[in-house]
Amino acid sequence: MKWTSLPSLMLFLFLNICDAAEATVAVRNGSGEEVLLQGFHWNSSRTPEKWYAALDRMASTIGNDGFTLIWMPPPWVDESRWQSATASGGGEGYFWQDFNKSSRYGTAEQLKQTASALNNAGVKVVYDVVPNHMSEKGVVTMFPRGRNEWRHDCARCDEGDPFMDGTADLNTGNAEVFETFKKEFTNLRDQFGAQGLRFDFVRGYAPETVDRWMKDFGDRQFCVGEMWKGPNEYPQGDWRRSASWQDALKDWSDRSHCTVFDFALKERMQNGTLAQWRDGLNGNPDPSWRQVAVTFVDNHDTGYSPGDFAGQHHWPLAEERRNQAYAYILSSPGTPTVYWPDMYDWNRGPLIRQLIKLRKNAGVRADSPIRFHTRYSGLVATISGSRNSVVIALGSDLERLPTELEKPALEWDAGAIRIWSVAAQAAPVSLRLNCDNAHPQRDESVYAVGSTLELGAWDPRHALALSASDGRWSASIEIPAQQAIEWKCIVRSSDPSGVVYWQANPNTSVTTGTVSETTGRF
């Protein structure tokens, strides 16, 4: 090795350290404490006031409402026109024709001004980009050599699934097409204030391609992919993990190093019980899975929109679930997304503002720990933020917190939504509970009930069931450490409303984390 001057050597080391950091990016999820606003709906390109002008006017409000990211509509000109029984228009940007920024949303100069206003308000601009498909006329103009650049009478010249019939797809694996988008993404960053990218229809191109684009755009920026695809849609032999929605999403995220919309949670919100919402990607026990989830209730594709024909509404969430869904995503791990009409058109803003404030005060992050308390009806969970913890109860018979007897920090829809803000909790530890001298009769069993949510908050209906072994009754639970708790053994019938026989006073006391087991006696 040839020795150089000290400044040159220091620069060499600094650049190599930066290269190593860039190479080891796990997931590009911004600060990990982001709250995303979808800053448009299906009919935003047809509002009387140009949409960029409306966003410019609203920039400070959006920042004050607690949003740190705004998902902007596609920035490229789109003159398509179409109409159906459920949606109308064209011009939304999804059949764009070139990189001209003067579109139906406003002019290029208005876009620059709007992006600057939003960024100055503390709201980072994330553009919706559409690398897989564009108008057929536009493809011919931008890529005149035809089939080598885009899918047309071509069996497999794209990296992924065709969009609709595939006639306007782009071959993103082609070096010229890849470089064209790479330059445009950099242009959005340098000239139009982009601090993140939302990748449309990522079924159409490889996640590794997204990763390469983002390495140039900025490894410390934000990116999210629309992976609307269930495991049963993969062709035979193309699926490398167990068949679940979570696996499909995590696989794409692992290969792109971007976040991904949590369609696993969306599916459970659509089809599951409240308790089954825990099966979303954001409820996964592994924090590396939670941190890649971008949660949402609806968007311009799935939900209704103000204006003609009420937009697309391909998969809208039922109205009676919407408030609870927002309460869940804004209290729990992942990066939550709020749909513009829910926030600013349909009078859900007062609830959402309170939820964002509670989230930020607690310091809930994308990878925050979440513990589900499954012995209650509905959904009950504790989320541990960096500053406080929150306990959320949705449609639940949880009556109150055992040690927090004051009113919930938020109560909505006649108690269907209740959220408490509590002191930060330590990491869970295992605690074994034993009951001695118990003699249950037929159709009776032994339970432990006590002063924590894990032990039913002194409500026998939610007590912890114990199992008989070697003459005693026992069970283990995961419970936060350094917590002073009291509990008792009880005997009750399998019917939670049946007669209860209590261990005599005093209560059994223990501080969690100081011992591994505790015993009560009748």
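**Helices and strands in a predicted model**

Okay, let's start with two helices: H8 and H10 are roughly antiparallel to each other, because an angle over 145 degrees counts as roughly antiparallel, under 35 as roughly parallel, 65 to 115 as roughly perpendicular and the rest as oblique. By class, their contact has 5 nonpolar, 1 polar and 2 charged residues. Here, Ala, Val, Leu, Ile, Met, Phe, Trp, Tyr, Cys and Pro count as nonpolar, Asp, Glu, Lys and Arg as charged, and the others, Gly among them, as polar.

A quick word on the ground rules. This is a predicted model, where local features need pLDDT of at least 70 and side-chain atom pairs count only at pLDDT 80 or more, while totals for chains, interfaces and linings use all residues. Residues are numbered from 1 along each chain as its sequence is written, and side-chain values use heavy atoms, with hydrogens and water left out.

Back to our pair. The axes of H8 (residues 263-271) and H10 (residues 319-329) cross at roughly 150 degrees and come within 11 Å. Axes are lines fitted to C-alpha atoms, for helices over the stretch in contact, and angles run from 0 to 180 degrees between N-to-C directions. Helices (H or I, at least four residues) and strands (E, at least two) are DSSP runs, numbered from the N terminus.

Who touches whom? From H8 we have Leu-265, Arg-268, Met-269 and Gln-270, and they meet Arg-321, Ala-325, Tyr-328 and Ile-329 in H10. Contact means heavy atoms within 4.5 Å.

Now over to strand S5, residues 124-129. Of its 6 residues, 5 are buried (under 20% relative accessible area; exposed is over 50%, partly exposed in between, with a 1.4 Å probe and protein chains only). S5 pairs in the parallel sense with S2 (residues 69-72) over 4 bridges, and Trp-71 stands opposite Val-126. S5 also pairs in the parallel sense with S6 (residues 194-199), over 5 bridges, and there Val-129 stands opposite Phe-199. To pair, two strands need at least two bridges found by DSSP.

Last stop: an open sheet of 5 strands, antiparallel, in the order S11-S12-S13-S15-S14. Its edge strands, S11 (370-372) and S14 (410-412), each pair on one side only. Inside it, S12 (residues 379-384) and S13 (residues 388-394) share 6 bridges, and Leu-379 has Leu-394 as its bridge partner.

And what lies across S11, S12, S13, S14 and S15? That's H10 again, running at about 160 degrees to S13. Helix H12 (residues 349-362) packs on the sheet too, touching S13, S14 and S15.
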